[in-house]
Amino acid sequence: MANCNNPNKSIGCTVTQCEYHCNGQNYCTLEKITVGTHEANPTVIECTDCESFKAKQG
Ligand code: SF4
């Protein structure tokens with residue numbers, strides 16, 4: 001993948017396995033993301049998820 005030239009500096013992200021991660025930089029490339037939870041009553045960081053995540057192809 002080519003170096004990322006469109007980081008969204010309002011959305012820091014370290015999930016390099018995501019299709020939308022900014023290659024070489026710790027940012028997302030999407031204009032907006034949705035954060036949600038898989039818990040009924042979230043209490044710690046681990047309860048939250050980036051619901052815009054998409055696994056990188058290949
Ligand atoms: S969609 Fe979510 S997980 Fe993927 S790069 Fe953006 S912030 Fe990170």
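Author: A polar contact is a pair of N or O atoms within 3.5 Å; within protein, one atom must be able to donate a hydrogen and the other to accept it, and residues adjacent in sequence count only if both atoms are side-chain atoms. The side chain of N8 has such a contact with the backbone oxygen of E31, at 3.3 Å. A polar atom of the N8 side chain also lies 2.9 Å from the backbone nitrogen of S10.

The model is predicted, so local features need pLDDT of at least 70 and side-chain atom pairs count only at pLDDT 80 or more, while totals for chains, interfaces and linings use all residues. Residues are numbered from 1 along each chain as its sequence is written, and side-chain values use heavy atoms, with hydrogens and water left out.

N8 belongs to strand β1, which covers residues 8–12. Strands (E, at least two residues) and helices (H or I, at least four) are DSSP runs, numbered from the N terminus. The protein has 0 helices and 4 strands, in the order β-β-β-β along the sequence.

N8 counts as buried because its relative accessibility is 17%. Buried means under 20% relative accessible area, exposed over 50%, and partly exposed in between, with a 1.4 Å probe and protein chains only. I11, also found in strand β1, is buried at 13%. Of the 58 residues of the protein, 17% are buried.

Contact means heavy atoms within 4.5 Å. Not counting residues up to four places away in sequence, N8 touches Y27, C28, T29, L30 and E31. With neighbours within four places likewise set aside, I11 is in contact with N26, Y27, C28, L30, E31, K32 and I33. Across the protein, residues 24 or more positions apart make up 20% of the contacts with a separation of 6 or more.
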